[in-house]
Amino acid sequence: MSVSRRSFLKGLATTSAATVIGPSLLASSKVFADDQQIGQGTWRYSGSHWGAFRAQIYAGKVQQIEAIEIDKNPTEMLKGIKGIIYNPSRVRYPMVRLDWLKKHKFSGETRGNNRFVRVTWDEALDLFYRELERIQKDYGPWALHAGQTGWRQTGQFHSCTSHMQRAVGMHGNYITKVGDYSTGAGQTIMPYVLGSTEVYAQGTSWSEILDNSKNIILWANDPVKNLQVGWNCETHESYPYLAQLKEKVAKGEINVISVDPVKNKTQRYLENTHLYIHPQTDVPFMLGVAHTLYTENLYDKEFIKMYCLGFDEFIGYVTGETKDKVEKTPEWAAEICGVPAEQIREFARMLVKERTQILFGWCIQRQEHGEQPYWMGAVIAAMVGQIGLPGGGISYGHHYSGIGVPSTGFAAPGGFPRNVDEGQKPKWDNNDFNGYSRTIPVARFVDCILEPGKEIKYNGSKVILPDYKMMVISGNNPWHHHQDRNRMKQAFQKLQTVVTIDFAWTATCRFSDIVLPACTQFERNDIDVMGSYSGRGLIAMQKLVDPLYQSKTDFDIFTELSRRFGKNKEYTRGMDEMQWVQMLYNDCRKANAGKFDMPEFDVFWQQGFLDFGTGKPWVRHADFRQDPEINALGTPSGFIEITSRKIGRYKYEHCQEHPMWFEKTERSHGGPGSDKHSFWMQSCHPDKRLHSQMCESDQFRATYTVQGREPVYINPKDAATKGIKDGDVVRVFNDRGQLLAGAVVTDSYPQGVVRIEEGAWYGPLNEKVGSIDTYGDPNTLTMDIPTSELAQATSAQTCLVSIEKFTGELPPVTAFGGPIEVS
Ligand SMILES: Nc1nc2c(c(=O)[nH]1)N[C@H]1C(S)=C(S)[C@@H](COP(=O)(O)OP(=O)(O)OC[C@H]3O[C@@H](n4cnc5c(=O)[nH]c(N)nc54)[C@H](O)[C@@H]3O)O[C@H]1N2
Ligand SMILES: Nc1nc2c(c(=O)[nH]1)N[C@H]1C(S)=C(S)[C@@H](COP(=O)(O)OP(=O)(O)OC[C@H]3O[C@@H](n4cnc5c(=O)[nH]c(N)nc54)[C@H](O)[C@@H]3O)O[C@H]1N2
Ligand SMILES: [Mo]
């Protein structure tokens, strides 16, 4: 009782602090030390998604962690790092699911009951190998899915999914994936429109934006929250620019407008203007803007003529001459998006009056028809005509991994090879996929299990969903990242064998058959680049402590697996961990020779990091603007494609030749389904986690949970109507599932909108379909439908729910603490 009471109070403290977002993130804060300073022990360097740090090791344990000097704006999440190593949810031993081991037709119906037996490493790897053999022999490569990927911990050598895929790939071929959950829709549509994924491209430098923009539109964008983590070792170099932006907003030098249903962390920090919009209705809003720019003759005709294709066809849709014959007036838009017509007009006039930089986030394309707002954004930017100018145009990534911080341009270290070496063949060199596709759109992996053999459309081609029987999972957590848990439960009952390699006993482990204990990144040596886009330098990731319990590095695990089919030498290339790390460093040193003088490896390793300095400012699309013939875009025509003939030829219903408005399957504020479940649930990215990572860090988790549950954020009026008070446990539900969460009442959220952050660990009461989730994983409620035939990406943000105060007897949280160990 006392524990939950304490976390309850801590939850309340976070709530009130949340309204005045602490300066901590942007103030330079030196140390995130524990209460007592211990002057002994040794200090070692390491890097992570959360930044580079020094750790004090004493008595064989990591004692405290402090950011290194380069990182002037460390994230508060550094406080959660120790808890990744030391927590009750660690995978300690190789474990095998009891009923699977006793096996009656793989016992799919009890999958998820979390009852596991401890086995030795040899037993576990023998079973793993036996299953790989059985699948290749009895079926073929189409029956094995080892392609799901995710946010493996950092380090170029130990990048764990590469280790798994290389070893499994040396045994036999398997199903792989295309796309990702982050930007599935965006990365598929944008090559047709602007010629590259845009989402992963370096963007105009912040300094250019700060010097030249008069308006900045943060469209579905929360950089203050989302720049805390990076794909490689994050440097947080974007934050000083955000601090300058805050000053310029205060002085009235730059007008920042957030187009967002909620007052997000960035808005609360910048104290900028909020343009409230109903969820999922940006396209009607943008069509109203286009209508104004066109009818008031404000758009840049020269730019359209010089740089774009297909404007006339598109504008026929806006004026109502083509397609649905509806004129997309601001009045029409206002009905749907909730922004008054006059405000839509003013917004349009403002865009063209002065230099305007549009900065899109990614959440908005993680919804049904998520391709459309991205395409439509580019059309608006083209009509404004500032693409390629400093501080003008559109970007799709300034909230991610330091995009917008100039690149130094120096070479980064390579990584461990994901594939079988050239000239080598797998043990089972079978490329017969039985008529199934060998590559699937990533978010359709559950469809394969439920509807094998089904033909789906995808990006101009067709995919036949493979009937796979076995999955191997490493470096990602599908039982967090995928949508609709109860549908997943049904699907996973059909799988024969699931092998997961992880250091945290996630829900994915619970729903697996063989679980192998990896060690964390802090229990191995590695090297990483600091600053995914800035290329700021290199960090030595020095092993802080030895692997805990019986955990091993992924490298060691897969060396032992590949030994079972005689390919361990080929797998390791005869090198050990430190030899690999040194080789990666030395290759990088060679590549930078004559440009940047890197010291000998030993010197680097001892000093812990290497600073390459800073790069030069740059403007995206400036070259294209300067000469669209020589610097043609990567689109079929080389121009900005407002209308895409290529997409038109696909004849898709929900992605046609130009951007359009399509009604959603579920939409709040009067949209479909809202009469039954009236709240839109946004499952945005967590402020105090990286997805599901660090949720296991139990002391840190206690700083934000409410009665030990994941927070659900809700507007005060909605809470009052539902009889919910701040700190109450509530039941959030829809026809797909139900969960318990802890209410945080705050006016940062409008009426009709609630947020539960993705990555909250799934803690079902039991393995049965429909059982309540005791902790608060939003993917218990989300819908597993594709964005459209084009990208087949996740539509996690198209989701309606109901909410009520929970009055029954409160079940304990079952998400954490590992398996139920049976002998
Ligand atoms: N509802 C909803 N769902 C979403 C999203 C959303 O916005 N809303 N966002 C989506 C997005 S954008 C993303 S990127 C995905 C993220 O989905 P994932 O990438 O699957 O999420 P993570 O929680 O980072 O999972 C990484 C897992 O790998 C394990 N791991 C890390 N390092 C290692 C290692 O070195 N070795 C081994 N063996 N294991 C390791 C971690 O412990 C963790 O379990 O989620 C998606 N899901
Ligand atoms: N702290 C932290 N940072 C992260 C991550 C993390 O897990 N934790 N994950 C990283 C990863 S993998 C990714 S993919 C990125 C994710 O980056 P994003 O997907 O951009 O991030 P979100 O915070 O989910 O959403 C950003 C904003 O979109 C708004 N929004 C949602 N739907 C709509 C809509 O329909 N219309 C409008 N106008 N706005 C909308 C939300 O209210 C929110 O303010 O973040 C990265 N950064
Ligand atoms: Mo992502």
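Predicted model: local features only at pLDDT ≥ 70, side-chain atom pairs only at ≥ 80, totals over all residues.

Trainee: Which residues are closest to ligand 2?

Mentor: A residue is near a molecule if one of its heavy atoms lies within 4 Å of it. Here 34 residues surround ligand 2, and the closest are Lys225, Asp260, Asp282, Trp362 and Pro686. Helices (H or I, at least four residues) and strands (E, at least two) are DSSP runs, numbered from the N terminus. Of these, α8 (223-226), β10 and β25 (679-682) each supply at least two residues of the shell around ligand 2.

Trainee: Which side chain has an N or O atom 2.6 Å from an oxygen atom of ligand 2?

Mentor: A polar contact is a pair of N or O atoms within 3.5 Å; within protein, one must be able to donate a hydrogen and the other to accept it, and residues adjacent in sequence count only if both atoms are side-chain atoms. The side chain at 2.6 Å is that of Asp260. For the side chain of Arg366 the distance to a ligand oxygen is 2.9 Å, and for that of Gln682 it is 2.9 Å.

Trainee: Why does α19 count as largely enclosed?

Mentor: Buried means under 20% relative accessible area, exposed over 50%, partly exposed in between (1.4 Å probe, protein chains only). Seven of the 10 residues of α19 (residues 485-494) are buried, so the helix is largely enclosed by the rest of the structure. Among them are Met488 and Phe492.

Trainee: Is Asn264 buried or exposed?

Mentor: Asn264 is buried, because its relative accessibility is 3%. It sits in the loop between β10 (255-260) and α10 (265-270). A polar atom of its side chain lies 3.0 Å from the backbone nitrogen of Gln267.

Trainee: Where does Thr703 lie?

Mentor: Thr703 is in the loop between α27 (698-701) and β26 (711-714). It counts as partly exposed because its relative accessibility is 29%. Its side chain reaches the backbone oxygen of Phe700 at 2.5 Å.

Key:
Residues numbered from 1 in each chain as written. Chains lettered and ligands numbered in written order. Heavy atoms only, no water.
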